[in-house]
Amino acid sequence: MAVIEVSNLQKRYGETVAVRDVSFAVEAGEIFGILGPNGAGKTTTVEIIAGLRTPDGGSVEVLGREPHNPELRKLVGVQLQESQLAEKMTVREALELYSAFYPQPADWRALAADLGLGDKLKTRFGKLSGGQKQRLSIALALIGDPRIAILDELTTGLDPQARRDTWDLIESIRDRGVTVLLVTHFMEEAERLCDRLAVIDAGAVVALDTPAGLVAEVTTEQRLRFRPSRTLPDEVFTALPEVHEVRHHGSQLEVIGDGNVVHAVTALLAANQIIAAELRVEQASLDDAFVKLTGRPLEK
Amino acid sequence: MRKTVHLFAKLTVSELRLFLREPVQVFFALAFPSILIIILGSIPSFRESTPDLGGLRVIDIYVPIAVALVLAMLALQVTPLVLATYRERGVLRRLATTPARPVALLGAQLVMNLITAVVSCALVLLIGRFAFDVHLPQSFGSFVVAFLLCAAAVFSLGLFIAALAPSGKAANSIGTFLFFPSMFFAGLWTPREVMPKILQRIGDFTPLGAGERALHEAATGHWPSLIALGVLVAYVLVFGTAAARLFKWE
């Protein structure tokens with residue numbers, strides 16, 4: 001069941017076209033990613049979904065309602081890019097105040113503990129680290145016990161450890177049954193977290209698939225390198241329909257083939273009771289997929 | 001409905017708590033006007049009746065001026081800074097994604113300021129009354145009317161600044177820039193009553209000049225003059241409407 005449906009969305013700011021043509025549907029219970037470079041129209045798209053902006057064309061339905069419907073403010077939690085709190089408001093005060101906004105709020109103490117803010121309740125917003133501010137921001141997005149959480153660029157500016165912690169956190173949000181719409185310009189984040197992805201470039205969706213599906217769509221080759229415990233004639237490998245080529249590098253063998261070559265070769269080795277030492281699989285990454293899709297790399 | 005009132009009360013308490021954590025603002029809005037009365041009242045000659053002032057004493061004149069000062073501090077220095085900072089930091093935008101509306105925060109900020117203004121003015125009036133024998137406003141009703149109208153006019157101006165200022169810093173600069181001439185015409189440095197006639201006439205058309213005139217008239221037992229009330233109402237209408245039209249939530 002789709003909880004968010006976006007069709008042919010368009011938005012202009014004066015002469016600038018921010019969103020040209022964006023369509024996708026987010027299914028209940030998934031982590032859906034919107035991936036694209038800065039300025040691609042990601043934030044505008046989610047701001048329209050969150051009811052903060054009115055589109056110039058196309059339609060959006062969130063939980064069967066139009067985005068401005070006030071009922072949705074109770075059902076959708078939003079973490080906006082660069083949205084702060086009063087400098088001198090404490091974590092506890094923010095959680096208590098924001099939970100008072102909702103008819104059936106989540107338990108803010110439990111939420112704070114889950115987000116690792118349990119010992120920061122008396123700390124003022126201005127004294128929190130970047131990671132703690134982000135976690136508080138996520139807590140505020142979840143405090144109304146929403147059915148959908150929209151998280152915009154939530155790991156930008158975090159150090160790698162804080163970023164990984166945040167990823168674990170998002171997975172735990174999904175495990176609670178919350179549908180997550182995640183905006184990111186980090187490839188690794190999209191690859192690790194998202195069940196499905198819409199790749200947006202210059203205001204339009206250029207691809208929509210699972211991360212693995214996106215990679216498979218654009219790559220035809222995979223390479224395996226290993227040192228076999230016993231040699232086999234090359235013909236045994238090339239007889240497999242998946243294998244295109246076999247190369248020798250000293251005692252190492254390199255097998256090049258299409259999408260299913262890894263499975264075919266490992267099955268063959270197992271059948272011959274050969275152990276593949278130093279096995280390495282070189283796969284195309286989402287980065288490569290992105291370059292193929294948009295003709296340029298995503299800036300880091 | 002009860003839920004809405006409850007939420008608004010929570011927001012107001014939260015705004016009040018945040019205000020009380022700003023020592024500079026608290027000092028100038030809550031303590032400074034009273035301290036001014038204490039200092040002026042401590043000067044013996046200011047406690048003597050002066051023929052130039054129609055038999056009033058300098059300290060009598062300064063009590064309504066200190067009341068105008070309270071309103072100017074809060075409306076021109078506190079409100080625009082807080083609201084423009086909220087917009088700049090995305091607080092209003094975040095609220096727009098919750099069942100609470102950003103306008104509720106704006107309302108809570110105004111109510112918080114009004115409560116602070118009432119407390120600070122009560123302090124000024126009570127210190128004047130008990131330390132220096134300044135009569136409490138003889139016509140209390142007309143004093144309340146003058147106070148509320150002056151507050152409405154100067155807060156409309158403050159909201160107008162908050163509506164236009166791109167950042168908290170800008171709002172603070174504009175507020176401060178308007179504060180000094182406004183308080184000049186309210187008579188903080190030279191009481192309005194001893195100003196040259198021409199300056200008095202100009203002052204009558206400024207929000208705090210007109211406001212102080214209305215407060216002074218009410219404090220001395222008169223109904224505020226129509227010109228003062230009319231000017232204040234005009235400020236509310238012009239700047240209040242402009243602020244409501246132009247206020248940007250993000």
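How many of the 300 residues of chain A count as buried? The answer is 40%, where buried means that 20 or more other C-beta atoms, placed from the backbone, lie within 10 Å of a residue's own; exposed means 12 or fewer, and partly exposed is in between.

Hello everyone, and a word on what we have here. This is a predicted model, in which local features need pLDDT of at least 70 and side-chain atom pairs count only at pLDDT 80 or more, while totals for chains, interfaces and linings use all residues. Residues are numbered from 1 along each chain as its sequence is written, with chains lettered from A and ligands numbered from 1 in the order in which they are written.

Let's start with chain A. Its C-alpha trace spans about 70 × 45 × 35 Å along the principal axes. Chain A has 11 helices and 13 strands; these are DSSP runs, H or I of at least four residues for helices and E of at least two for strands, numbered from the N terminus. Take the contacts in chain A between residues at least 6 apart in sequence: 68% of them join residues at least 24 apart. Contact here means C-beta atoms, placed from the backbone, within 7 Å.

Please find A:Ala40, in the loop between strand S3 (31–35) and helix H1 (42–49) of chain A. Why does A:Ala40 count as buried? Because A:Ala40 has 25 C-beta neighbours inside 10 Å. Leaving aside residues up to four places away in sequence, A:Ala40 touches A:Ile200, A:Asp201, A:Ala202 and A:Gly203. A:Val205 is 165 residues from A:Ala40 in sequence, yet their C-alpha atoms are 9.6 Å apart.

Now to helix H10 of chain A, residues 261–271, whose buried residues are A:Val261, A:Val265 and A:Leu269. Looking down the axis of H10(A), these fall within an arc of 60°, so they line one face of the helix; the arc is that of the directions from the helix axis to the C-beta atoms. They pack against several elements of chain A, including strand S10 (222–228) and helix H9 (234–238). On the other side of H10(A), the exposed residues are A:His263, A:Ala267, A:Ala270 and A:Ala271. After H10(A) comes A:Gln273, with a positive phi near 55°.

On to chain B, and two helix pairs. Helices H2 (23–41) and H3 (58–88) of chain B have axes that come within 10 Å and cross at roughly 170°. Axes are lines fitted to C-alpha atoms, for helices over the stretch in contact, and angles run from 0 to 180 degrees between N-to-C directions. That makes H2(B) roughly antiparallel to H3(B). The residues of their contact divide into 16 nonpolar, 3 polar and no charged.

The second pair is H1 (2–20) and H5 (102–132) of chain B, packed at about 60° with axes 8 Å apart. These two are therefore oblique to each other. For the labels, under 35 degrees is roughly parallel, over 145 roughly antiparallel, 65 to 115 roughly perpendicular and the rest oblique. Among the residues making this contact are B:Phe8 and B:Leu11 of H1(B), and B:Ala108 and B:Met112 of H5(B).

Finally, the two chains together. In all, 15 residues of chain B are in contact with 19 residues of chain A. On chain B's side, H1 and helix H4 (91–96) are the elements that give two or more residues. That side divides into 6 nonpolar, 4 polar and 5 charged residues. Here nonpolar covers Ala, Val, Leu, Ile, Met, Phe, Trp, Tyr, Cys and Pro, charged covers Asp, Glu, Lys and Arg, and polar the others, Gly among them.

Note on methods:
Contact = placed C-beta atoms within 7 Å.
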